[in-house]
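Hi,

Here is the structure I said I would pass on to you. Have a look at it first, and then read my notes below.

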Amino acid sequence: MRIQNLIIILVAGLLIVNVLSSYIFNTSSQSIVKGDSYFNLMRYKDAIAWYNLDSSKAEAQWKIARAYVCYGDNAPVSEKETNFRNAVKAAKRCIQLEETNSNGHTWLAAALGNTAMYEGSRTKVKLCNQIKAELTRAVTLNPRDDVAYSIFGSFYREIGHISWFEKQLALTFIGKIPDGTYEDSEKAFGKAVALTPNIMRHWYELGVLYTYWDKKNQAIAAFNRAKTCPVLVSSDYKRLTAIATHLKNLSE
């Protein structure tokens with residue numbers, strides 16, 4: 001059911017029976033539980049609708065951001081940007097409600113990373129610095145945040161992939177790119193997989209790092225480990241396809 005219809009039904013009920021307000025108050029937290037169940041089914045729009053029923057809670061807002069990111073990953077091209085920008089809004093709202101919520105900072109970093117592709121060069125550099133700041137805040141608040149470490153791993157990998165000359169050009173014309181190396185990336189992924197070893201993204205992204213780094217055996221091992229992980233989000237299906245391609249290329 002669309003969120004607009006849910007709101008209409010709730011409002012109508014309030015007008016008819018005043019006592020219904022106390023019922024909604026007592027059961028509103030259940031909407032997050034219901035949203036989680038739809039998220040686990042990869043029905044991200046339905047999850048967002050339920051989370052929105054408890055939108056005054058920081059937990060609901062970071063979960064809305066997470067769902068928008070996951071939906072945007074597999075949405076039609078014409079819908080991706082809107083979903084990623086909605087994720088940014090929800091994550092920022094989470095932080096406004098509860099600045100010490102590490103998940104808000106983690107998913108703001110994830111959302112900003114996805115919106116960067118729609119920005120110009122100067123804004124991309126600014127976003128790089130903001131993403132690093134959000135991830136740093138997230139792991140400071142929660143040193144066991146495997147998602148933040150995994151995103152850190154991807155972040156450092158891509159920074160490490162930029163040549164010294166390109167960084168100097170960026171510094172001259174568009175701004176300083178944050179520091180980061182393949183070693184930093186490997187360390188961050190190591191923390192992610194140590195904390196939560198059965199997340200496909202962690203191993204897959206580590207495999208990509210080793211591919212960049214020309215560490216063939218480690219890349220093969222990471223991709224094979226990724227294949228054993230359960231499919232937990234819709235983008236894992238794309239990862240399985242990409243893993244098969246990587247392993248084929250590495251075996252040639």
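**Starting from Asp36**

Once neighbours within four places in sequence are set aside, Asp36 is in contact with Tyr51, Lys63 and Arg66. Bear in mind as you read that this is a predicted model. Asp36 sits in helix α3. Is Asp36 buried, exposed or partly exposed? With a relative accessible area of 21%, Asp36 counts as partly exposed, because buried would mean under 20%.

**The chain as a whole**

On to the overall picture. There are 14 helices and 0 strands in the chain. The chain has 252 residues, and 42% of them count as buried. If you take the contacts between residues at least 6 apart in sequence, 58% of them join residues at least 24 apart.

The largest nonpolar core holds 46 residues, and Phe39, Tyr51, Leu135 and Phe152 have the most contacts inside it. Several helices each supply at least two residues of this core, including α3 (30-40), α4 (44-52), α6 (77-97) and α8 (121-141). Which helix gives the largest share? That is α5, with 9 residues.

Phe39 is worth a click in the viewer. Leaving out neighbours within four places in sequence, Phe39 is in contact with Tyr44, Ala47, Tyr51, Arg66, Ala67, Cys70 and Val233. Tyr51 and Arg66 also turn up in the contact list of Asp36.

**How α9 and α12 pack**

Last, a helix pair. Helix α9 (residues 146-160) and helix α12 (residues 200-212) have axes that come within 10 Å and cross at roughly 15 degrees. That angle makes α9 roughly parallel to α12, since angles under 35 degrees count that way. The crossing of α9 past α12 is left-handed.

Which residues meet there? From α9 come Asp146, Ser150, Ile151, Ser154, Arg157 and Glu158, and they meet Arg201, His202, Glu205, Val208, Leu209 and Tyr212 of α12. Sorted by class, this contact of α9 with α12 has 4 nonpolar, 3 polar and 5 charged residues.

Send me any questions once you have been through it.

Cheers

Conventions. Residues are numbered from 1 along each chain as its sequence is written. This is a predicted model: local features need pLDDT of at least 70, side-chain atom pairs count only at pLDDT 80 or more; totals for chains, interfaces and linings use all residues. Side-chain values use heavy atoms; hydrogens and water are left out. Axes are lines fitted to C-alpha atoms, for helices over the stretch in contact, and angles run from 0 to 180 degrees between N-to-C directions. Helices (H or I, at least four residues) and strands (E, at least two) are DSSP runs, numbered from the N terminus. Angles under 35 degrees count as roughly parallel, over 145 as roughly antiparallel, 65 to 115 as roughly perpendicular and the rest as oblique. A crossing is left-handed if the near helix is turned anticlockwise from the far one by less than a right angle, and right-handed if clockwise. Contact means heavy atoms within 4.5 Å. Ala, Val, Leu, Ile, Met, Phe, Trp, Tyr, Cys and Pro count as nonpolar, Asp, Glu, Lys and Arg as charged, and the others, Gly among them, as polar. A nonpolar core is a set of buried Ala, Val, Leu, Ile, Met, Phe, Trp, Tyr and Cys residues joined through side-chain atoms within 4.5 Å. Buried means under 20% relative accessible area, exposed over 50%, partly exposed in between (1.4 Å probe, protein chains only).
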